Amino acid sequence: MNPHRKRAKTVDRVDSADSAAVSSESTQMRPFPSKPLSVDRVNSVESSDSSRMRPFKDKILLVDRVDSVESSESSRTSQFAGKVSGFDRVDSVEARVDSAGSTRMSRFPDEVLERVLALVDSHKDRSAVSLVCKEWYNAERWSRRHVFIGNCYSVSPEIVAARFPRIRSVTLKGKPRFSDFNLVPEDWGADVQPWLSVFSTAYPFLEELRLKRMAVTDESLEFLSKKFHGFKALSLLSCDGFSTDGLKAIATHCKNLTELDIQENGIDDLGGHWLSCFPDSLTSLEILNFASLNSEVSFDALEKLVSRCKSLRVLKVNRNISLDQLQKLLSHCPQLMELGTGTFMQELISGPVTEFKNMFSNCRNLITLSGLWDATPLYLPVIYPACARLTFLNLSYATLRSDELANLLSHCKSLRRLWLLDTVGDKGLEAVGSCCPLLEELRVFPADPFDQEILLGVTESGFVSVSRGCPKLRYVLYFCRQMTNAAVATIAQNCPDFTHFRLCIMNPGQPDYLTKEPMDEAFGAIVKTCTKLQRLAISGLLTDRTFEYIGKYAKNLETLSVAFAGSSDLGMEYVLQGCQKLRKLEIRDCPFGNAALLSGLTKYESMRSLWMSACNVTMNACRVLAKERPRLNVEVMRDEEGGDDSQANKVYVYRTVAGPRKDAPPFVITL
């Protein structure tokens, strides 16, 4: 496997728990009296109160993202007028409930209401709409075209089809996120075929399918290509089980394809001949991404495809495409908005470097640039003409040095998002702070995450430099080998609007390297200062004080990832009791035990999921949780035979309205 691809697979979307892997990765659905429950993205279905979900006699289950719905019944009725922001002509709606519990309000004709709701894109607004009355619930049901399911086991495809009869687009997630770090066995489940079988009957008009961490076979892809005749868009992210033969079926049978997006999948790459299977009549393609594939493709087939698809706006090729070939491709599609290049190192080229500069000069709509495999100082100036318009620059495959990055960023004054390797060093990050005042997202990945002896990389100094020059920074993922409490406190003061803060100190249990104190005050400063924080990943030497800070101050926190941290059960208890909006909690290699697990009995039904691995949890505690909260699925994964049967090494808890899953392999015990 290509080392770059392996590194990208390992470190992209990594948080504190992930850093450990690199080193050794709504509310409760209560019954709503005489009113339908809210729906907002089928995570809602993950709400565990399946037996309580009976707002109507026809028992149509509501399956759309409960985490966006207010946590109390009173908020569901009183806050609607302030939530429905998507209506042009409805200034206020007052729902009055009489003594019999029926809802009275001014009525719209069904046709008018459905047309209005079709204009509402916000999931929260649609959720609020469905709470008003049965008429509005039904109108929202019939007008919905897209559904998001954050856990494929939180709801069954039959429930989804019954709830939403006119869906055209589905986003479906499968395995827990720690599957990216080999903590979930490959044959754990999340097979897409049962969903496709139901959808082929319920949604023969399905146009878009976006899958993440799902098990996908070539047979499933062939089934998809043949059963949905109007199918247009397929996105596969971190999926496994299929090969390029499956892509061949999609290319052959999907006559109206507009999008084929293949990213970071465990794919069996049998060669690039699948690109030759697109029919000559296909001209509708708008998005084509095969950057993560390794084999050489038929360039003639690729060039013909690109030349006839005049609406192509996203093209991301793999590293086997040379500069000469890229120049030919860009001559056919100067309208591109996003480009992923192939290799940027070439010994022999057909013309002078100035000709390559011209090819980027003609790309006047380009705002996203990635790829740049093996970029060298000789060819980096080729992209300078396009840099002024770029808002996203992904250099996570380019091992640039500080001076090379500084020269490049001097041309990139409009960047909002920047991904880098730590080979740029602190000097390179100083250039980021100097040249990118509009930057909102920064991700710094380790070039060699498995080398513990490496002395290069970035430190707290570079992070502080970025925070000083980029006050609009909202999202950060930062891999480093040393950090201090004072530096993180300074960063928090410079960038108080963080919504995502993921600091990955790659050596587990690393203290403040100057004072040798725990890193408690660092994350305390983050949660105290950054009141908008929604996602937090913590690392380093941490005691229960860190978790006390989080529970006390992180009132908007939705996702927390923890590894090698904490002193006792109190740490986890602080978080579960204090973080009212918490939806996902991911924990590995921490001293939390049974008391910590059971302290969340009243919390888990309002969360999407809990993951605990290599903690001090026993099977008995898991059984107690399952007994006390029967609407949760409590799964225990066994790694190997002969282990301690009393210990629960990997525990996955999630809310569901579908009950225990029927396809669990032998090593998964559902309690």
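Axes here are lines fitted to C-alpha atoms, for helices over the stretch in contact, with angles running from 0 to 180 degrees between N-to-C directions. Helices (H or I, at least four residues) are DSSP runs numbered from the N terminus. The model is a predicted one, so to speak of local features takes a pLDDT of at least 70 and side-chain atom pairs count only at pLDDT 80 or more, while totals for chains, interfaces and linings use all residues. Residues are numbered from 1 along each chain as its sequence is written, and side-chain values use heavy atoms, with hydrogens and water left out.

Helix H19 (residues 485-494) packs against helix H20 (residues 520-529) at about 10°, the axes lying 7 Å apart. The pair is therefore roughly parallel (angles under 35 degrees). On the H19 side, contact (heavy atoms within 4.5 Å) involves Asn485, Val488, Ala489, Ala492 and Gln493, and on the H20 side residues including Ala522, Ala525 and Ile526.

Leu536, leaving aside neighbours within four places in sequence, touches Phe501, Phe523 and Ile526, among others.

As for the cysteines, there are 0 disulfides (sulfur pairs within 2.5 Å) in the structure. Cys363 has its nearest cysteine sulfur, in Cys333, 7.0 Å away. Cys470 sits 6.0 Å, sulfur to sulfur, from Cys436, too far for a bond. At 0% relative accessibility, Cys470 counts as buried (under 20% relative accessible area, 1.4 Å probe, protein chains only).

Definitions and conventions: Helix = DSSP H or I, 4+ residues; strand = E, 2+ residues; numbered from the N terminus. Parallel < 35°, antiparallel > 145°, perpendicular 65-115°, else oblique. Buried < 20%, exposed > 50% of the residue type's maximum accessible area, 1.4 Å probe, protein only.
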